[in-house]
2 protein chains.
Amino acid sequence: MQATKKIDQVDIHLGDRSYPILIGLGLMDDSTIWADLPAATTALIVTNTTVAPLYGKRLADTLRTRFQRVLVLELPDGEAFKTWQSLNLVFDALLSNECDRKTILFALGGGVVGDMTGFAAASYMRGVPFVQIPTTLLAQVDSSVGGKTAINHPLGKNMIGAFYQPLKVVCDLATLHTLPARELAAGLAEVIKYGPITDPVFFAWIETNIDALLRREPAALAHAAKRSCEVKAAVVAQDERDHGLRATLNFGHTFGHAIETGLGFGQWLHGEAVGCGMVMAARLSQQLGLVDHGLVQRLTALIARAGLPVRGPLLAQGNAEGGSANSLRYLELMRTDKKSEGGEIRFVVLDGLGQASVRPAPDAMVRAVIDASCV
Amino acid sequence: MQATKKIDQVDIHLGDRSYPILIGLGLMDDSTIWADLPAATTALIVTNTTVAPLYGKRLADTLRTRFQRVLVLELPDGEAFKTWQSLNLVFDALLSNECDRKTILFALGGGVVGDMTGFAAASYMRGVPFVQIPTTLLAQVDSSVGGKTAINHPLGKNMIGAFYQPLKVVCDLATLHTLPARELAAGLAEVIKYGPITDPVFFAWIETNIDALLRREPAALAHAAKRSCEVKAAVVAQDERDHGLRATLNFGHTFGHAIETGLGFGQWLHGEAVGCGMVMAARLSQQLGLVDHGLVQRLTALIARAGLPVRGPLLAQGNAEGGSANSLRYLELMRTDKKSEGGEIRFVVLDGLGQASVRPAPDAMVRAVIDASCV
């Protein structure tokens, strides 16, 4: 006897671009999940060399019950390959197989696969439909909501892309069982993030359940994924095009991006940099007189328990311009971030537990925070 | 005493993506045209090596009254350069100059510059604003309405792109005085197109005024540009995403694209291929019993008077599969067109003067039309 499968659903409300996120165990093998997709001859699964051996064939077999032709394209794995060259492999596959504009793309993998497949779908023949099947916690709780797609440019991360919404997102929690521990922790950084910026209750829930999450208990993972998607969905629904409110979702990311760029991509995982970046952003909030030291300590402790770094790497040695060369390098990197405007860095800071806003801060204060936060 | 400048305006109604098209003589030098653009530090003019020496400095000088920093990027000229490599030159310029997401791009040139600049604007940081200043008749009457942006892929034309609307389009009729005669004629192909598919009165007006248009009389050019934009705007407003009605704007283009691809890009101009393609499409309409021979003759005569080819090139020699190898090659090329669905070619045909629809046609009939229409 088959038990009734529990499927959580979060609806992303964006007018005629609305879509559901389905969350549950073993969803990938459930062909009923795909029944309501629009009619198409061809499905193209875009995945990578790590995920393909684990789930490629399983997904292809399920999709074959629904599509005449199921193609699988394996891209090289890793942020270093989030380039035009990899993106062009998707276009090559689509065109050499004479895929028409009804072809549906399936992004099977983490954030890199999702971002590239989404941008390929946005651009191929000026837009074909796509479905996301995120196989990392980070992708399930972060990139599955919001429609941000992009590739990197040698001069900057995520600089070329589109806002483009999927038909649906299917988070199969079973895929998290094959996720390396380091990547699970990196995903938890984004889960933790939603607490301090919007939801004190969720923050307390994570503090209570962090060990269950690290043990990958399905019920805990399901709640974390669902609540993260709900919070992000509520923010994105109010600011799809990233003009204001949505910027608060970048809590920890301004410092985090500096770490990623400064070390070179691939050294720290995105979630690790964000974890450490949240500590810096919380400290900056305290320096600005917005929150007390207790909250900074509470957040830092939770990030450490998740297995994430809470101290930043040194990006430069020695002194420069009345402070450390290291903090100057952080500043420099943050000034060229996509979010900066006319050279002014915009920091996401906490106004209290569950409240965030975006504002500038004096260079000297920012440098002091960095100096106090680095190894 | 300065005469009051006559500016025609066509408004494109697309909700919060609405924009005006301004048409007049000498608009580029008129700084009041730019007064209502959003605040930005930097303007990047994207143009090509042919147009830059003619208008690059003039536009830059006018824009300097409005922007702190005006950058000019010259791309190589021609359809052959409508590639990722050229597009990436725009991203390189934006990133190496640390342009933020408020930077406004200005497309100064023909359709290739417009398509590439538009796609660069759509993709840079997931979307920055852009303005079109089309300097060819083709770009003024065709690509200035509809928001289609794209680059070519080695396996197909316009295969990678986005729907993305400009802030405004400024058609300075003075730029048409430097346009080579062959390109003027190519632009007239798209002007003529709007008659048979939607507007018998406009069709008769073109027949009466074709010589004035060829002499580049400003009043005639202004009316042709305005009416073409109005017709296209009405169609696009009903079908922005190209799901149905908008396909009728591709009258002549299915055959035309086969000519362009078959000969290799750069042999015939797009407008020349479309002119000839309209003759073929009209003949197919007659074979389908939709229009009489008189209309086919009238359209063919007008296309010839515009200086456009009315007979197709041979794309192959000899016989194949019960007909000419040439008509088989045309069929083959049309089947891989972006507009075909599941291998079925969708032809835009006339249902009478001022009425068009999209439908399939028997291969044998299409081949007979091609055989009767080629050199």
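This is a predicted model: local features need pLDDT of at least 70, side-chain atom pairs count only at pLDDT 80 or more; totals for chains, interfaces and linings use all residues.
How many bridges join strand S6 (residues 130-134) of chain B to strand S9 (residues 168-172) of chain B? Two bridges do, and the two strands run parallel. Strands here are DSSP runs of E with at least two residues, helices are runs of H or I with at least four, and both are numbered from the N terminus. Two strands count as paired if DSSP finds at least two bridges between them.

Residues are numbered from 1 along each chain as its sequence is written, while chains are lettered from A and ligands numbered from 1 in the order in which they are written. The pLDDT is the predictor's confidence in each residue, from 0 to 100. Chain A has a mean pLDDT of 93, with 97% of its residues at 70 or more. For the complex, the predictor gives an ipTM of 0.88 and a pTM of 0.89.

**The sheet of chain B**

S6 and S9 belong to an open sheet of seven strands in chain B, ordered S1-S2-S9-S6-S5-S3-S4, with mixed pairing. Its edge strands, S1 (8-12) and S4 (69-75) of chain B, each pair on one side only. Neighbouring strands are turned by 15° against each other on average, direction ignored. Helix H2 (residues 84-96) of chain B packs on this sheet, touching S3 (42-48) and S4 of chain B. Contact means that C-beta atoms, placed from the backbone, lie within 7 Å.

**Two helices of chain B**

Helix H5 (residues 181-198) and helix H9 (residues 270-287) of chain B pack with their axes 7 Å apart. Axes are lines fitted to C-alpha atoms, for helices over the stretch in contact, and angles run from 0 to 180 degrees between N-to-C directions. Two angles with helices of chain B can be set side by side:

| Pair | Angle |
|---|---|
| H2(B) and S4(B) | about 160° |
| H5(B) and H9(B) | about 40° |

H5(B) and H9(B) are therefore oblique to each other, a word for angles that are not under 35 degrees (roughly parallel), over 145 (roughly antiparallel) or 65 to 115 (roughly perpendicular). Residues in their contact include Ala185(B) of H5(B) and Met278(B) of H9(B).

**Where the chains meet**

The contact takes 30 residues from chain A and 30 residues from chain B. On the side of chain A, S8(A) gives the largest share, six residues.

How values were computed: Two residues are in contact if their C-beta atoms, placed from the backbone, lie within 7 Å.
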